[in-house]
Each structure stands twice: as structure tokens, then as C-alpha cells.
Amino acid sequence: MTLARNIIIFTVTVSLVTFIAFFGRLPAFRNTPIGWLHSLLVVHIPSTLRKVDIKLTNGRITNGGSRLGHHLMYEKHLAVVVFFLGLVTACATLFLPAVWYLLEWHHKLLVFTLLPQPYLFLYLSATRNNEAYINTFNHAEQMRHYPYDRILYYPGNACTTCKFLKPARSKHCSICKTCVSRADHHCIWVNNCLGRGNYKWFLALLLSTTVLLAYGAYLAYIALSPLALNHYTKYERFYRSRSQATPTSSTWPSYLAVKCRRFFAYTAVYLDVGGLRAAGVGLLALLTWPLPCALLAYHIYLLWAGMTTNESGKWSDWQDDMAHGVVFLGRRSQHSMRANQPRARRPSASIRPAPSLPDTAPPEEPLTTWPLESRHVLIRTASGQPPQTLPRCIKAVAEEDVFERVWSLAAVENVYDLGFWDNVREALLH
Ligand SMILES: [Zn+2]
Ligand SMILES: [Zn+2]
């Protein structure tokens, strides 16, 4: 019981800290307890330790730590890849021989199908860069994938490192040292940037890992349950003695305490009969399952909203500024929009066949294969008053006298949102 409780508390704590460290910075967690814990973990605690270290050792300890942290977070390395694949391999090597004789043939077949998938999809996420990385050879083609929405992306901006115009939805990655098409985020899990071309493999990695962990926990449960039944009497005796000692109460804390104790006791029985190799690995799979599952859920939300992780941060910035009343929306004049492109609509538009592209398209904003074009321009002003002078890229296309203050993102069209199923299809096909 004590061993089971310690294993559970340790694994849950490590999973929670990992989740907060990696995902707490996501815009979805802004102004939430997870966001606050993230800033506590990555900003306040390190800066406090740094101050103490400067007083005690003149900063020698934290200098080494920050170099290691910088290397892990901001340079290409295989540490997380090796850790993840090593963990999966070690768990499979411990777990499968311990329960193999207890499994039916169809479960054995499923194990052979599910186990290789995270390896395969991680490999594809890490190596399929042809479409994601923008270079001088594919730049012209990359410029034609997405239109500039004049909210998150404007035409005419060059990457100072790559020395070419940034295509819409692209972002320069200082770790990969290249501009990335439809940049989602740099993922240390796959040691690569996720963008057009390999994002679908990342989704497959998330899905296959989520399924594998759930299935591993389920296998441990069904393989060990017959054995655990033999120990049930021992468990019952133990549980009853604890229940009698606990006053009956209908309050939530008491109810949760009883449930937790029951879970710890059940886990102790399974650890008794299965040991760390079978029950321990199954428990680890169960407790770490929420990590890929939550990340998968977040990316399904992004697909539903028609945005990337990178864009979700930009939209959150706009939302914050709108709440302060300093954002103005202008409608693009008809003559500024491309004559042969359909106008933007709300989601659920079907993807249309690509229009033929003239060779004489202006280099800073060529015609694209995207079926929608933004009708809006957003601008934020420091004074909180409607804009008086506008940047060239906006001035060329906006009707300057129709700017109106907007308070919510609901008033703005997201031209990259085609509707959930078309967003999914677009992500899976490219
Ligand atoms: Zn670049
Ligand atoms: Zn990168």
C-alpha cells in the first residue's frame, strides 16, 4: 500500500510538473492556475535561486544550470527523443515478457501493430522537412500556399536571417535556423519544427502514443485481474479495517479521500500480484496517459479553430489588446482584393480546386491556392484612438475612413479557418 501510494504520488507529480513546464506557456492556459504555476516554475523560482546563488557563489552554480537549460530548450539535441524512445523501449521490454503468457492471441497481434507506431511517426516528424523548411528553391511555391490575412501576417516582411520575403503563416525558427512553412512550434520531443509537411505525422505520433499508453494500462488490468482476484480477500480485509476507522461523511473531501484510499489499495493488490514489471509499468502508462492525450486534445482544438500553436499566441495577443479597447478593424476595399479570388466567408467552405497562377504575379504577394481571402485589416494603436497614419502595407489596401473599434475576436474573420473537417483535411494532406 505504501509502495503503491509512493509510486502514484511520484508519477503524478512528475507528470504534472512536466505538463506545466512544457504546456503551461500555451495561450490557452494564460491567466489560469496552470499558467501561473508555469511562470512560477520557469521565471520566479529560477530568478530567486539565481539571486541566492549570486550571493553565495557569485552565480557559479546557476551559470552552469542556465547553460544546460539553454542547450536543452533552445538548441537542437536528441536528449528528449532518446529519453522518450528509451522509456517506451524499456517499458515494453519489462512489461511484455511478464504478461505475454497471460494474453490472448488477438491482444498479441494488436501489440505488434501498436508498439512500432510511435517510433515510426516520431521518425517521420523528425525527418520530413522538405515542405516545412523554406529555402530559395521552394520559396516561390511556398509564397503561393496561403494569403496574407493582414491581421497576423502582412505582405512585404523579409526574414532578416534567410533574406527572403516571409510567406504567410511562416515563422523563422532560431533553433532549426530556417523559416518554417505553416509554422506550428519547435518541438523538442521530435527535435524538429512542426509545420507544413510534418504536422500530420506529429498528430499521428500524439494519437499513437495516447492509444499505446491506454492500451498498455488496459493490458496490465486484464492480464492481472484474474490473479488479483485471488488476493481480493486480503484487500477486502485491509479495506474494511480502514473503512471502519474512517468516520462516514458525505462531504467531498471525505468522499475523495475514501476513493483515493480505495485506488491505492487496489493498486497495492495489483503490484502484489504483478510486481513492478507488469503492474508498475501498467500504472506508469495509466498515470502518464493524460500528457499525450491533453496535447492531442489541444491540437484538435487548434484544428477546430483553424490556427497553429504559433497563431494561437498571436490571436491571444489581439484578444488582450481588444479587451483594452485599442484595436480597430478596417474593411478592405474591393479594388484591393484579388479579382479572381473568392471573398472570405465564415467556416465550412469547401476547399476548391487551385486557380491557375499567372507567372507575372507580384513577388511580395502572389496569388495563392487558398480558397479564401481576408476582407479585414486589424490595427492596434498606442493612443486608443482610431488610426491616423497607417503602415504602407495596410494603407495600400484599406479604406482609411471605416476603422471601427472592436472588443472581441468574434467580429474578425479568420481566413485560415475553413471549417473543422476541411481544416483536418488540409492538415492531413499537406
Ligand atoms: Zn528565416
Ligand atoms: Zn525549429
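Residues are numbered from 1 along each chain as its sequence is written, while chains are lettered from A and ligands numbered from 1 in the order in which they are written. Because the model is predicted, local features need pLDDT of at least 70 and side-chain atom pairs count only at pLDDT 80 or more, whereas totals for chains, interfaces and linings use all residues; side-chain values use heavy atoms, with hydrogens and water left out.

Of the 430 residues, 47% are buried. Buried stands for under 20% relative accessible area, exposed for over 50%, and partly exposed for what lies in between, using a 1.4 Å probe and protein chains only. As for contacts (heavy atoms within 4.5 Å), 74% of those between residues at least 6 apart in sequence join residues at least 24 apart.

The UniProt record, an unreviewed entry, places the feature "transmembrane region" at residues 6–24, 78–103, 201–224 and 281–304. UniProt positions follow the numbering used here, feature names are shortened, and annotations may be inferred rather than shown by experiment. In the model, residues 6–24 are 95% helix and 0% strand, with the end C-alpha atoms 25 Å apart. For residues 78–103 the figures are 81% helix and 0% strand, and the end C-alpha atoms lie 35 Å apart.

Next comes a pair of helices. The axes of helix H2 (residues 33–57) and helix H3 (residues 60–74) come within 7 Å and cross at roughly 135 degrees, which makes H2 oblique to H3. Axes are lines fitted to C-alpha atoms, for helices over the stretch in contact, and angles run from 0 to 180 degrees between N-to-C directions. Under 35 degrees counts as roughly parallel, over 145 as roughly antiparallel, 65 to 115 as roughly perpendicular, and the rest as oblique. On the H2 side, Leu49, Arg50, Asp53 and Thr57 meet Arg60, Ile61, Thr62 and Asn63 of H3. Valine 52 is also found in H2, and it counts as partly exposed because its relative accessibility is 43%. Valine 52 is ten residues from threonine 62 in sequence, and their C-alpha atoms are 9.6 Å apart.

Now for the metals. The zinc ion (ligand 1) is held by Cys159 (SG), Cys162 (SG), His172 (ND1) and Cys179 (SG) at 2.1 to 2.3 Å. Donors are N, O and S atoms within 2.8 Å of the metal (3.2 Å for Na, K and Ca), and sites may look incomplete because water is not among the atoms. The four donor atoms around ligand 1 subtend angles of 103 to 120 degrees, so the arrangement is tetrahedral. The ideal angle for four tetrahedral donors is 109.5 degrees. In sequence, the donor residues of ligand 1 are spaced C-x2-C-x9-H-x6-C. Cysteine 162 sits in the loop between helix H7 (139–142) and S2, and histidine 172 in strand S2, so the pair ties together parts that are ten residues apart in sequence.

The zinc ion (ligand 2) has Cys173 (SG), Cys176 (SG), His186 (ND1) and Cys193 (SG) as its protein donors, 2.2 to 2.3 Å away. Its site is tetrahedral, with angles of 99 to 119 degrees among the four donor atoms, and the donor residues are spaced C-x2-C-x9-H-x6-C. Cysteine 176 lies in the loop between strand S2 (171–173) and strand S3 (178–180) and cysteine 193 in strand S5 (residues 192–194), so this pair links parts 17 residues apart in sequence. Both cysteine 176 and cysteine 193 are buried.

A few other residues round out the picture. Cysteine 187, in strand S4 (residues 185–187), counts as buried at 7% relative accessibility. Not counting residues up to four places away in sequence, cysteine 187 touches Asn192, Leu194 and Phe202. Arginine 182, in the loop between S3 and S4, has a positive phi near 45 degrees. Asparagine 191, in the loop between S4 and S5, has a positive phi of about 55 degrees. Most residues other than glycine have a negative phi.

Key:
Helix = DSSP H or I, 4+ residues; strand = E, 2+ residues; numbered from the N terminus. Tetrahedral: all angles 85-135°; square planar, octahedral: opposite > 155°, others 65-115°.
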